[in-house]
Each structure stands twice: as structure tokens, then as C-alpha cells.
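Visitor: I am new to this structure and would like to learn how to read it. Could you take me through some of its features?

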Amino acid sequence: MTQKSGRILMVDDDQDILVAARLLLKREGILVHTESQPDRIPQLLKDEVFDAVLLDMNFAIGANTGREGFQWLKRVLEIDPTLSVILMTAYGDVGTAVEAMKQGACDFVLKPWSNERLVATLMSAMTLTASRREAAQLGARNKELAAALDQPGQTLIGSSPAMARVLTLVDRAAPTDANVLILGENGTGKEVIAREIHRRSRRADQVFVAVDLGAIAENLFESELFGHKKGAFTDAKEDRVGRLVAANGGTLFLDEIGNLPLYQQSKLLSVLEQRVVIPVGGNRPIPIDVRLISATNMPVEQLESPDTFRQDLLYRINTVELRLPPLRDRADDIPALVTHFMGLYARKYAIPPRRLSNDALARLKAYHWPGNVRALRHAVERAMILGAGDVLEAEDFSLPSAPGGAPRPAAPPPMALAAVGDDGFTLGTLDLETVEAQVIRRALDKHQGNISHAANELGITRTSLYRRMEKHGL
């Protein structure tokens, strides 16, 4: 006889019925958890995973209306809508069976039952549960994918020697499934490179899911990456598929991985080693198959310090290591980048095409671009919106004074201020612009360039901080 597999919950107040069912189904390879008290159903469904439920309809002495069965049927489906429930009774008729199906039961069995029919009914119910769960997981995964894919595409631009070296490594690494670690300053295009690796990989027809670890609250890390079950915590009002499962078969991009606290690093390492995920509040491992690309702006020295980053996790994520050059080291790419961004924003804002003056181009190439390509993009967007003529001039980009560009008009002397905080931080002026730049620089120094942490301490968003850094040339 072919062995079946599965696990069912059988609830009946007649011990003889429970024993008979357990012996019958054991021979079929089906595990049965028997229970005589229906009020234990919620806890059992929370603690264990079942493939079907066999539920008696009458528990009170002398009861034969089936009302209790319908009440518990409703409760079971509230807890797990994917679970197939078979109602049982010795007092059934056609009307009862029809009502059971209307209220969500997948089948109806009269006692005493036919052994062959009971086994066949259970097998169909377990198959139905598996199909429902697969459909629910697929639906949740598609919801995650829709959010992940709702991101504007970016184009990889660059032919300078510095970028040519990077693209050579991308060509070699992309066709493999090797994990890649991308290092580089903020704004250098780490996600653009990650997407390019995915586009050139064997997983190109699968999903690319990007996760900004710097934007995830520590208490939501497991829920975001591993998913959660309904009721796992206060706000878990429905099952959620984690990003690792959403990326199954494709590529998962973990940005700002250097921000992960050590205790979360160990959880991520365990998942990467075992290649299975257990959602928060769940107990069934979900196999995953993802290609991992990580990125960080953290200096290599910090990554290699055990006090900051687990070395076993570092070995796991950096089979291939790419270092993106800052824009100041690839100034030859600036003309192509500016042309691309000008065309992009002309289309976006329905602005007539514009040209760039030689003086403006010289100024852009000479500027040191502390915010890198992201800062250049924002500068071009601003110039396209605010520029008045057909030709964008150097002053349209509002950059600090630099070779090839006119200096800004001198500001009036600021008021002096002598204020020293407990940490020795001194403000030497009341000029608002200068004070803002000093405070931002202080926050960045304190958090060693970590944008998310600095923004959090300053009480602003990461986007707002980037804009202020561009404004002050930080």
C-alpha cells in the first residue's frame, strides 16, 4: 500500500471514535492528533500545523442540532482560512450537509463512516489545504513583489577607467550565483550596480527585491525579512511574506548591511547557512533559493572588526567584492551623466530640452561631489526646474565656489556665539546656514557616516539629510 503523509486534528467527545480513527489512519501513514475538548482548538492550531480538521458537530450531552459544530467551524476558519475542515455527525441529513458546505466545510461525513470513504475524504481535504496555502503564499508574495517592483528604474552610465574596472568584475560575477558585496560612498550607485548584476544573471527573469536595512526598525527586522504569521505580535493582523521568501528564485539586495546589530547578524547568517526561513510566530520552515547582493558605505576597516561585524557573515556575503569609485574619481563620466539626467527631467516635467554651457560643464567636473551621482542627479533636476534659458549655466546649479565657477556673493559677517556643549561641541556663529552645516557634520562624524543613524538623531528623514548634505557640500 502506498504510504500517505499528513497531519490532521480530530475533535470528538467520544473516545471510542477517536481511537478507531487513530488506528485506521495510522495504517495509512496519516498522523492524528485527537482531542475531546473543542475549547482547546485555538491553542492547538497556534502550536501545531495541521493539514485538515475532522470536527464533530455535537458536544453537549443530548445535543443533535449541530450548532456547536458550526460555531467551531467558523472559529477554525477565522484562525486559518486555508485549513480544510470536515464535519462529522450521527444526526445528519441533506440539509445539514448543504449548510455545512455553505459555512465553509470542505466535506461532510456521517457516523458510522466507511473506512475507504473517510480516507479518501481526508486525502482530498489535505490536498485542498496544500493548494489553498500555496495560493495564499503566492498571493502574499505577489503583493510583496508589487511593492518591491514599484521602483523607478535607473540606467548604468559610465565609461571612465574606474567604472570600466567595475564593469569587468560585474561581467565575470553576474552569470554566477556568487554572493556579492558592493562597497562605496553614499550616492555612488550601489543599487544600480546590484540591479545590473541581476539583469546579467541567470535569474534575470525572476524578481529583484531591494531592502534598505538602514530604514527598518530593529524590532521589525525579523518580520520584514522572515515574514510573520497572523497574531504573532500586536499589529500582526494578517500573515505576511518576508522579503527572503518574496525574493525566492531571484535576487535579494540588502542595502546598508553594515547597519545590522550583531545579534541580528547572527539571525541572518543562520538563514543564509540553512537556506530556510521560519516566519515570526510560525513553526514550519520555508525553503528559499536566493542570490544575495549586499552593500554598505561602511569603511572596510570597520567591516573587518569583530566588534562591528561578524566575520563569518562577512565571509558568507562577500564571495565577490566590488568597490565603486566616488564621482570625483570618475569625472570623465560627468558629461554623459548630466546629459542623461537632463533628458530624464525634461521628459518628467515636460520641459523643453536644454543644453549645457562649457563653463557649467567645467564647473560640474571640477566640483568634488561629496554626495556623488545622487547629488549630481539632484543638482541637474533643480537646474532643469529653476533654469530660465535654453542653456544651463554654472550658476543654475547652485554649487559652492570651485575652480571654473564663479564664487557665491559674500554673506554679511555672522553674529559670534560662544556655546560649548557637554561633549565639547562649539558653535561659533549664529548664521543659520553655518549652524546647520556644523550640526549635520557633527551628527555624521558621531555615527561614522551612517546616514540612517545620523538622520534619526537629527529628527529628519534620510532624504532630507541627503538634500542638506548636498546644500552644504558635505
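Guide: Below we go through a strand, some salt bridges and one arginine.

Guide: This is a predicted model, in which local features need pLDDT of at least 70, side-chain atom pairs count only at pLDDT 80 or more, and totals for chains, interfaces and linings use all residues. Residues are numbered from 1 along each chain as its sequence is written, and side-chain values use heavy atoms, with hydrogens and water left out.

Visitor: Let's begin with strand β3. Are its residues buried or exposed?

Guide: Helices (H or I, at least four residues) and strands (E, at least two) are DSSP runs, numbered from the N terminus. Buried means under 20% relative accessible area, exposed means over 50%, and partly exposed lies in between, with a 1.4 Å probe and protein chains only. Strand β3 covers residues 52–56, and five of its five residues are buried.

Visitor: Which way do the residues of β3 point?

Guide: In a regular strand the side chains alternate between the two faces of the sheet. Here A52, L54 and D56 point one way from β3, while V53 and L55 point the other way.

Visitor: Which strands are joined to β3?

Guide: Two strands pair if DSSP finds at least two bridges between them. Strand β1 (residues 7–11) runs parallel to β3 and is joined to it by four bridges; within β3, L54 is the bridge partner of M10. Four bridges also join β3 to strand β4 (residues 85–89), again in parallel. There, D56 has M88 of β4 as its bridge partner.

Visitor: How many salt bridges does the structure hold?

Guide: Side chains of opposite charge can pair when their charged atoms come close. The cut-off used here is a side-chain nitrogen of Lys or Arg within 4 Å of a carboxyl oxygen of Asp or Glu. By that rule, the structure holds 25 salt bridges.

Visitor: What does D51 form a salt bridge with?

Guide: Its partner is R284, with the closest N and O atoms 3.9 Å apart. This pair links distant parts of the chain, 233 residues apart: D51 is in the loop between α2 (41–47) and β3, and R284 is in the loop between β11 (276–277) and β12 (286–287). D51 counts as buried because its relative accessibility is 17%, whereas R284 is partly exposed, with a relative accessible area of 40%. A network of salt bridges links D51, D80, R133 and R284.

Visitor: Where do E196 and R199 lie?

Guide: Both are in helix α7 (residues 190–199), three residues apart, which is about one turn of the helix. E196 counts as buried because its relative accessibility is 10%, and R199 counts as exposed because its value is 53%.

Visitor: Why does K229 count as partly exposed?

Guide: K229 has 34% relative accessibility, so it counts as partly exposed. K229 forms a salt bridge with D239, the closest N and O atoms being 3.3 Å apart. D239 also counts as partly exposed, at 44%.

Visitor: Finally, which residues does R132 touch?

Guide: Contact means heavy atoms within 4.5 Å. Not counting residues up to four places away in sequence, R132 touches P81, T82, L83 and S84. R132 is found in helix α5 (residues 115–149) and is partly exposed, with a relative accessible area of 27%. Between R132 and P81 there are 51 residues of separation in sequence, and 8.5 Å in space, C-alpha to C-alpha.
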